[in-house]
Amino acid sequence: MIHRVYWHWQGMRGKYGAVFGEVAHHRSLPPPEARRDIGERLLSQLRYFGSRADALPEWREAAKARTAEDLWRIWPALPILAKKDLNTRFAPEEVQRRFGLAGRANSTGGSTGEPTRVFHDDAMVHTCFVASIYMQREMGWRPGMPILSIWGSDRDIGKEPKSQDRLRRWLRQVWPIAGFEVNEKTVDAVLEFLRRHRTVAMLGYSSLLESVARQVLKRGDLPPVGRVHTAWNGGEMLFDFQSDLFRQAFGVPVLNCYGGRELSAMAYQVKPGGPLWVVRPFLFVEIVDDAGKPVPPGEPGRLLWTSTVCRGTPFLRYDIGDVAVSDGSQQDESGIRSLKELQGRTAGVLHLPNGKMINCIFWNHLFKEFQEIEQFQVALQKDGAIQLRFKGTPFTQEREAALRQILSKFLVDIPVTVLWTERIPLTKEGKLVQVVRES
């Protein structure tokens, strides 16, 4: 196994090194040069998307900008893309067919419970993969170090992972432990893995890492100090108490790692309590209010993300549905270099009447496999039943039966009703809460 991993990384050093070098070079640039670098990348994206047949009128006009500085002046007035835009106007299959692109389609439930379908061209696929590796290295992982992933497994929703995904995990030594259902077996599997490896990295949903840490502390079965070299979260908000609890059980804190299927690695933390560094220059981020105007540092606002790489789905001022705060000390004329804190993407664990616990992200991963669903909400009602509220195209009888078959594995005898509706109410902040507990 050591030789396999060694030769894999040796063979890929050139491909990875180019991406690593771009990130390192951009970080070393003084603000005026960083502004020019980001601006030229944004202008290149606008010129490409502005020339496509599916371009918004504003993109066509912005593509006429002669210089990056010209674009900077009009950038804040460009349209903000919502999830529904990606699903309707820029459907991945249509984008791929219409423009003859090579790459792969992907889908995510997202923090808002609104499944979003995207297409990544080959350049985006490669950059996202390598940027993720860069981010992991920054957080303490090293090539050859096994990664224990306490994550949701595709098998949990009745879907086998693709062979290329299995090969990638095998080469990178990523070993997943199914985590949608939290129980004693999860903890047993974690401790057994740690006994078989001298030094590992761990990652997982924040609530799962917290749950495992609690049970390890309760058992008093702590692994040797140093066995877990580094750990990071994903898919959920990370709270200080969760990081501290994990440190008590495994000797290291959990670092905050921010990413998603739309844009892959977006921002990362190198020390607990520190800023989340944006993966620039491949991403450009803005924080705006409800009117689309920039908010001052220290105030929360909506995150708008722009990819300077992807030429499949047009991630141009894309509202990902999350809320964050920036720090003035990490913001200059080139934009926001890091996020001070995230204030969205809380999922947690749903405690069912039959005693089981299911990570709320389970629903996102499950419902993204059903393209009929545009939005969803899962309601645990006061009588113990579950109501699934969907907006979209109602299922055929066969499709609903397929969904119920998957759910029966986890819910067993808990009653489930399906309600199709034209509108799922939002919170006063305009967020769609994916899981609610009704009293």
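**View 1. A hairpin made by strands β18 and β19.** With five residues between them, β18 and β19 make a hairpin, and in its turn sits glycine 384, with a positive phi of about 95 degrees. Everything shown here and in the other views comes from a predicted model. The strands β18 (residues 373-380) and β19 (residues 386-392) pair in the antiparallel sense, with seven bridges between them. To find your way across the pair, look for valine 378, which has leucine 388 of β19 opposite.

**View 2. The other partner of β18.** β18 also pairs with strand β21 (residues 435-437), this time in the parallel sense and over three bridges. Valine 378 is a handy landmark again: its bridge partner in β21 is valine 435. How much of β18 is buried? Seven of its eight residues are, so β18 is largely enclosed by the rest of the structure.

**View 3. The whole chain, for orientation.** Before going on to the next close-ups, here's the bigger picture. The protein chain holds 13 helices and 21 strands. It has 439 residues, and 56% of them are buried. Take the contacts between residues at least 6 apart in sequence: 69% of these join residues at least 24 apart.

**View 4. An open sheet of four strands.** Reading across the sheet, the order is β4-β3-β5-β6, and the pairing is parallel. The edges are β4 (174-178) and β6, each of which pairs on one side only. Going from one strand to the next, the twist averages 20 degrees.

**View 5. Strand β5 and its two neighbours.** On one side, strand β3 (residues 147-151) runs parallel to β5 and is joined to it by four bridges. Two pairs of residues show how these strands line up: isoleucine 147 is opposite alanine 201 of β5, and serine 149 has leucine 203 as its bridge partner. β5 also pairs with strand β6 (residues 228-233), in the parallel sense and over five bridges. Here you can look for valine 200, with valine 228 of β6 opposite.

**View 6. Where the side chains of β5 point.** In a regular strand, side chains alternate between the two faces of the sheet. Which residues of β5 point which way? Val200, Met202 and Gly204 go one way, while Ala201 and Leu203 go the other, and all are buried. That is five of the five residues in β5 (residues 200-204), so the strand is largely enclosed by the rest of the structure.

**View 7. Helix α10 lying across the sheet.** α10 lies across β3, β5 and β6, and runs at about 120 degrees to β5. The helix takes in residues 206-219, and at 1.5 Å a residue its 14 residues should span 20 Å; the C-alpha atoms at its ends are 20 Å apart, which agrees.

**View 8. The buried residues of α10.** Is α10 largely enclosed or largely open? Of its 14 residues, 10 are buried, so the helix is largely enclosed by the rest of the structure. The buried residues include Ser206, Ser207, Leu208, Leu209 and Glu210. Further along, Ser211, Val212, Ala213, Gln215 and Val216 are buried too.

**View 9. Helix α9 crossing α10.** Two packed helices are described by the angle between their axes and the distance between the axes. For helix α9 (residues 184-196) and α10, the axes come within 10 Å and cross at roughly 80 degrees. α9 and α10 are therefore roughly perpendicular to each other. On the α9 side, the contact is made by Glu184, Thr186, Val187, Asp188, Val190 and Leu191. On the α10 side, look for Val212, Gln215, Val216 and Arg219. Sorted by class, this contact has five nonpolar, two polar and three charged residues.

**View 10. Tyrosine 258 in strand β7.** Tyrosine 258 is found in β7, a strand that takes in residues 257-260. Is tyrosine 258 buried or exposed? Its relative accessibility is 1%, so tyrosine 258 counts as buried. Asparagine 233 is 25 residues away from tyrosine 258 in sequence, and the two are 8.0 Å apart in space, C-alpha to C-alpha.

Terms used:
Residues numbered from 1 in each chain as written. Predicted model: local features only at pLDDT ≥ 70, side-chain atom pairs only at ≥ 80, totals over all residues. Heavy atoms only, no water. Expected span 1.5 Å × (residues − 1). Buried < 20%, exposed > 50% of the residue type's maximum accessible area, 1.4 Å probe, protein only. Axes fitted to C-alpha atoms, helices over the stretch in contact; angles between N-to-C directions. Parallel < 35°, antiparallel > 145°, perpendicular 65-115°, else oblique. Contact = heavy atoms within 4.5 Å. Nonpolar A, V, L, I, M, F, W, Y, C, P; charged D, E, K, R; others polar. Pairing = 2+ DSSP bridges.
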